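Subject: Structure handover and notes

Dear colleague,

Please find below the structure that I said I would pass on. My notes on it follow, with the criteria given where each term comes up.

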Amino acid sequence: MGEGAVIDNMAQIGQNASVGRHCVVGAQGGVGPGVLIEDNAVLGVQVCILAGAMIREGARVSPGAGFQGLWYSGSHSGSPRGMTPWRS
């Protein structure tokens with residue numbers, strides 16, 4: 001857990017996951033094992049991040065979104081039913 005990070009109520013962080021400085025994980029969010037969340041990222045409520053994903057610095061993930069793989073800075077809208085494929 002990085003300095004100034006906020007994990008909202010009922011959010012779950014998996015084993016060996018890393019949350020950077022000044023990040024926000026919204027209520028009822030799920031961050032899988034081994035996920036790396038870099039500094040200043042914001043994950044909305046009820047976000048589902050699958051195991052091994054990487055959220056790059058300053059990324060914004062919209063409420064209810066779900067994905068796996070690499071996510072760069074920017075916005076994402078979606079739902080866990082429509083997972084975003086690996087990004088390289």
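A contact here means heavy atoms within 4.5 Å. On that criterion, residues 24 or more positions apart account for 2% of the contacts in the protein with a separation of 6 or more.

Before the details, please note that this is a predicted model, in which local features need pLDDT of at least 70 and side-chain atom pairs count only at pLDDT 80 or more, while totals for chains, interfaces and linings use all residues. Residues are numbered from 1 along each chain as its sequence is written, and side-chain values use heavy atoms, with hydrogens and water left out.

Secondary structure and sheet

Helices and strands are taken as DSSP runs numbered from the N terminus (helices H or I, at least four residues; strands E, at least two), and the protein has zero helices and 12 strands. Two strands are said to pair if DSSP finds at least two bridges between them. With that rule, four strands form an open sheet in the order S1-S4-S7-S10, and their pairing is parallel. Its edge strands, S1 (6-7) and S10 (60-61), each pair on one side only. Between S1 and S4 (residues 24-25), which run parallel, there are two bridges, and valine 6 has valine 24 as its bridge partner in S4.

Burial and the core

I call a residue buried under 20% relative accessible area, exposed over 50% and partly exposed in between (1.4 Å probe, protein chains only); buried residues make up 39% of the 88 residues. The accessible surface, computed by the Shrake-Rupley method with a 1.4 Å probe, comes to about 4600 Å², and carbon and sulfur atoms account for 51% of it.

A nonpolar core is a set of buried Ala, Val, Leu, Ile, Met, Phe, Trp, Tyr and Cys residues joined through side-chain atoms within 4.5 Å. The largest one has 19 residues, and those with the most contacts inside it are Ile37, Leu43, Ile49, Ile55 and Val61. Leaving out residues up to four places away in sequence, isoleucine 37 touches Ser18, Val19, Gly20, Cys23, Val31, Leu43 and Ile55.

Valine 19, which sits in strand S3 (residues 18-19), is buried at 4% relative accessibility. Apart from neighbours within four places in sequence, the contacts of valine 19 include Met1, Ala5, Ile13 and Ile37. Its C-alpha atom is 9.7 Å from that of valine 31, 12 residues apart along the chain.

Salt bridges and cysteines

For a salt bridge I require a side-chain nitrogen of Lys or Arg within 4 Å of a carboxyl oxygen of Asp or Glu, and the structure holds two. One joins aspartate 39 and arginine 21 at 3.3 Å, N to O; aspartate 39 lies in the loop between S6 (36-37) and S7 (42-43) and arginine 21 in the loop between S3 and S4, so this pair ties together parts 18 residues apart in sequence. The other joins glutamate 38 to arginine 56, with the closest N and O atoms 3.2 Å apart. Here glutamate 38 is in the loop between S6 and S7 and arginine 56 in the loop between S9 (54-55) and S10, so parts 18 residues apart in sequence are again tied together. Arginine 21 is partly exposed at 41% relative accessibility, and arginine 56 is partly exposed at 30%.

Taking a disulfide as a pair of cysteine sulfur atoms within 2.5 Å, the count is zero. Cysteine 23 is buried, with a relative accessible area of 1%, whereas cysteine 48 is partly exposed, at 26%.

With best regards
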